[in-house]
Amino acid sequence: MYQDEYRRIVQRLQSITGREDVELTDGGAHADLASTIAFTLAKEQRRQPVQIAREIAEQLQAQEEGDSVTIEVVGPYLNFHFSASYLEATLREALQPDYGSQPLRDERVVVEHTSANPNGPLHVGHIRNSILGDTLARSFRKAGYRLETQYYVNDIGRQIAIVVWGVGNLGEIKKEEKGDAFIARVYIAANRAIETDPGITSHIDRLMQRVEQGDPQVVRQFREAVTECLEGIKATLLSLHVRHDRFIWESDFVRNGDVTRTIDRIRRMPQCRDDGTLWVDLSSQGFEKQYILKRSDGTTVYAARDIAFHVWKGRNFDRMIDVLGADHKLIGAQLIATLKLMGEKAPEILHFEFVSLPEGSMSTRAGKFVSADELVEEVVKQAYVEVTTRRPELEEDVRRAIARSVAVGAIRYDIVKVSPEKSTVFDWKEALDFERQSGPYIQYAHARACSILEKSGEFTPAFQLSDPHEIALAKHIGRFPAIIDQVVEELRPHLLATYTRDLADLFNAFYRYVPVLKSEGIVRQSRLALVCAARNTLRGALETLGIDALATM
RNA sequence: GGGCUUGUGGCUUAGCCAGGACAUAGCGCCGGGCUUCUAACCCGGAUGUCGGGGGUUCAAAUCCCCCCAGGCCCGCCA
């Protein structure tokens, strides 16, 4: 609805003014949509913008076809206000249980996210990647795309070789702990051993060569260590409602010959250099640094496998999206440049800045991090206390289930609400806050809507809204599909977080001032319809954010 | 040193890419609201040189240039 209306107004302004570059702004308190085209024309025509605006408005009114929008001229501004028929059409759409879901499209999209090295548990920095990626994936599904999520498993790099060496030589035994915690212990110990005895490095180099050559015994050792860690990582992700459709093992691209074929292709390119190491000269693309693919000992580096991986993805998907930390900006740009030179499809990369601790940046190797498991556990504990305080009458297992949903909501929302390009400092106090601008705040608005609908029973929807709170809420509901579109077009999941918070704000204000169950007749039917539409929208938004839409809390 | 990026009330943050009408909200602070659909709520108040300086424009938080401060990158690591 919103998008249709937007497009219709733009088209009419285009035909009146003869300009292509017509855009509408959010009118804020003044209007639902507004145009400042009169300023632009004033300059060209050397006339007063106020006069021009008035003339355009007259023409708009003359060719007025529907009554879904009214036009108002305020000085040089053209203001558009959505009318009652627009609101009715919006609410009729939003009464559909799957409001916001768009028809299936043919386009195949792959979102690769998390892809953390399997050398330890996910920490609070990694899950920024997971939550951005998962929210993006859910948004694409909501928008009707055929979507697959992938975790690219680095099972062949130096860090894993260090783990394998540690497993084989340090005699650490797995205790009562998750696989990822065990691997981290080994990894940290192995790094310590290397510091005291740098000679170990040559053993690790040897392991890397043997795994790349396909030595069955070494390959098995790598697989076992990685699998051990990955099982723990999967469990952590699941606790945050994140799951991957597919795990792609980096070593597969070495073994199936893709890496060799990719390198052969690159060798034939004019930008390829071989001076003992093999590298791509991207200086003509503005990159000073060598993009190295092969070491002098003949083994490939990450970049070579990454190119092969993306060539493969590009052939199986129409759009590929990678969620990567800001530290990958340079190599991400080099990857894209190289793929383009090869004539292959390039990925779109969503970069996010780092999460650090108050005492500095996190490090798996130094064991300096807040693990995602620890975060979940603490937040669940706090949420349980809250639920028990508020709803002591509920059964314990019900309270536990609510606490878990609330905790996931708090964590996911906290992370997704901040623009990815901002670096953040992890803060326990904020993580444990369930008040406004939090996931639970939105969950709570949804639960309130559910409660009203449960008490009301069946009703026949009506669409007569008059209170400003009703109208503001209905208008915001109408924007939901446009927001989903914007998220997948611009790869900005935090827009959904902002939208949903505003939706909850408007619903809560409505809830406070506009009685529903106590109203009567058509007023009651209209308000119930609005509550139902708001409930559906809140639910759709929460689910897209990966947060449980609780009926009670 | 070069590149990328961030800088918005005491703290956190939206808006910036596609410049317009009084800069968005939360926390904290002050004050008010539960005999009324779940108070994880709502309302009112105080708090801003939109890092600093220049420029472009009828109009700049938004675009351009310089400077300052923080983060990240610049490896035959991933």
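Which residues come nearest to RNA strand B? In this predicted model, Tyr 77, Lys 289, Tyr 444, Tyr 511 and Lys 518 come nearest of the 66 residues around RNA strand B, where a residue is near a strand if one of its heavy atoms lies within 4 Å of it. Of the atoms of RNA strand B that come within 4 Å of the protein, 64% belong to sugar and phosphate.

The residues of this surface divide into 26 nonpolar, 15 polar and 25 charged, with Ala, Val, Leu, Ile, Met, Phe, Trp, Tyr, Cys and Pro counted as nonpolar, Asp, Glu, Lys and Arg as charged, and the others, Gly among them, as polar. The largest share of the surface, eight residues, comes from α17; helices (H or I, at least four residues) and strands (E, at least two) are DSSP runs, numbered from the N terminus.

| Side chain | Part of RNA strand B | Distance |
|---|---|---|
| Glu 23 | sugar or linking oxygen | 2.4 Å |
| Ser 419 | phosphate oxygen | 2.4 Å |
| Thr 552 | base oxygen | 3.2 Å |

Elsewhere, three strands form an open, antiparallel sheet in the order β7-β8-β9, two strands being paired if DSSP finds at least two bridges between them. Because β7 (272-274) and β9 (291-294) each have a single partner strand, one side of each is left without a neighbour in the sheet. β7 pairs with β8 (residues 278-280) over three bridges, and Asp 274 stands opposite Leu 278 in β8.

Residues are numbered from 1 along each chain as its sequence is written, while chains are lettered from A and ligands numbered from 1 in the order in which they are written. Local features need pLDDT of at least 70, side-chain atom pairs count only at pLDDT 80 or more, and totals for chains, interfaces and linings use all residues, while side-chain values use heavy atoms, with hydrogens and water left out.

Methods: A polar contact is a pair of N or O atoms within 3.5 Å; within protein, one must be able to donate a hydrogen and the other to accept it, and residues adjacent in sequence count only if both atoms are side-chain atoms.
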